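Please read each point beside the sequence and the structure.

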Amino acid sequence: MQKKHKVATQMGNQGNSFDWCRQIAEWIQSDAIGEVYEVHCWTDRPIWPQGLMKPKEGMPIPETLDWDLFIGPAENRPYNSVYTPWNWRGWWDFGTGALGDMACHIMDPIYWALDLKYPTKVNGSSTLSNLYSPPHAQMVQYTFPAREKKGQVNMPEVKVYWYDGGLLPERPAELAPGQMMGDSNGGIIFVGKKGKIMTGCYGMNPTLLPVTEMDHFTQPTPWIPRVPGGNGDIWNTNAHEQDWIRAAKESSRNRKEASSNFGFSGPFNEMVVMGVLAVRLQGLYRDLLWDGENMQFTNINDSDILKIVSVDEFSVIDGDPRFNRQFVELNAKEAANEWIKHTYHNGFSLPEMPKV
């Protein structure tokens, strides 16, 4: 659609326009840590409720809320304040949990520096997952095939691990006692054949590990163009938004696209949410093989059944704990296809997509 209508586009992953993202790509592609074969990344999210069960009762709709507009193409239901504001992230019908919310920020330097596209396989695990709401905490492993050499370094098969909900990767041996891994919001650790790079959330403040390696590290000459204002404080500048405005003002005939334009960020976002699917399909107990070009898993059989929690209640009666956990059974292939390409409700539909 970007190409068809010749519009300037930009995903709201603000760190993409800041110098750190470019600096990390230059370090890796100049062979600072050798071939990267493993990456770990994590977030402190969710900082909103998840693992929720569907409300049994509705509430009066606030006068300030157009509930029908909020529901949009999702399946209709009575209003309840547990859905919005803010908490929409914690419902599968409206959001994609901590991974979908934050991975487009945190994994951006990984996707860019390692020249990734689609994973060939994914698998996920989590705390209790249910039909309605993402789990409290989860781990996902993506496997990407070897890519062409980028800069001075080969790009072998690489495994990328995601953690959220308080889960963290194993602490690097090179990290000094008392030193925080990443920062309070999350981080990345690149593992190469010659060394490691650690960053904070959004790829902030990258450093070689151990940090004493920085004492004699010669920075590569920058070759990736910087965005004006991209060396400031990400929380107090609008470099990302301004770069999109700059692109929008330029003629489509000779426009310099913003770096997180949909040609880059569309496939990137599609890769991210493969992790969401891996967690939702974890009950199949296998690595899920992904065909990115055709947007489908290739090793889910027509007869595979997925059991998912639909009710999870707990009470204590006369000192005796009572559990009420119920499941629904879904055809796994049909469920996967529905989650990949949702059914649109309430009269909404997607326009026909242009042929690429």
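The points below go through a helix, a set of strands, one arginine and a surface patch.

1. Basis of the model. The model is predicted: local features need pLDDT of at least 70 and side-chain atom pairs count only at pLDDT 80 or more, whereas totals for chains, interfaces and linings use all residues. Residues are numbered from 1 along each chain as its sequence is written, and side-chain values use heavy atoms, with hydrogens and water left out.

2. Helix α4. Helices are DSSP runs of H or I of at least four residues and strands are runs of E of at least two, numbered from the N terminus. Buried means under 20% relative accessible area, exposed over 50%, and partly exposed in between, with a 1.4 Å probe and protein chains only. Helix α4 (residues 97-106) has nine of its ten residues buried, so it is largely enclosed by the rest of the structure. The buried residues are Gly97, Ala98, Leu99, Gly100, Met102, Ala103, Cys104, His105 and Ile106.

3. The cover of α4. Which elements cover the buried residues of α4? The cover includes the strands β1 (36-43), β3 (138-144), β6 (158-164) and β7 (186-192), together with the helices α5 (108-113) and α7 (262-280).

4. Strand β1. Six of the eight residues of β1 are buried, and the strand is mostly covered. Two strands pair if DSSP finds at least two bridges between them. With β7, β1 pairs in the antiparallel sense over seven bridges, and Thr43 stands opposite Gly186 of β7. With β6, β1 pairs in the parallel sense over five bridges; here His40 has Tyr161 as its bridge partner.

5. Strand β8. All five residues of β8 (residues 196-200) are buried, so this strand is largely enclosed by the rest of the structure. Both of its faces are covered, with Lys196, Met198 and Gly200 on one side and Ile197 and Thr199 on the other.

6. Neighbours of β8. Strands β7 and β8 run antiparallel and are joined by five bridges, with Ile188 opposite Thr199; the hairpin between these strands passes through three residues. Strand β9 (residues 207-209) also runs antiparallel to β8, with three bridges, and Leu208 of β9 stands opposite Ile197. The hairpin of β8 and β9 has six residues between the strands, and in it Tyr202 takes a positive phi near 65°.

7. Arg255. Contact here means heavy atoms within 4.5 Å. With its neighbours within four places in sequence left aside, Arg255 is in contact with Lys6, Val7, Ala8, Ala247, Ala248 and Glu250.

8. A nonpolar surface patch. Tyr344, Phe348, Leu350 and Met353 make a nonpolar surface patch of about 400 Å². Such patches are made of residues with over 30% relative accessible area and no salt bridge, and nonpolar side chains (Val, Leu, Ile, Met, Phe, Trp, Tyr) are joined within 5 Å; a salt bridge is a side-chain nitrogen of Lys or Arg within 4 Å of a carboxyl oxygen of Asp or Glu. Met353 is found in the segment after α8 (332-340) and counts as partly exposed at 46% relative accessibility.

Technical notes:
Patch = residues over 30% accessible without salt bridge, like charges linked within 9 Å, V, L, I, M, F, W, Y side chains within 5 Å. Areas by Shrake-Rupley, 256 points an atom, 1.4 Å probe, with all protein chains shown as cover.
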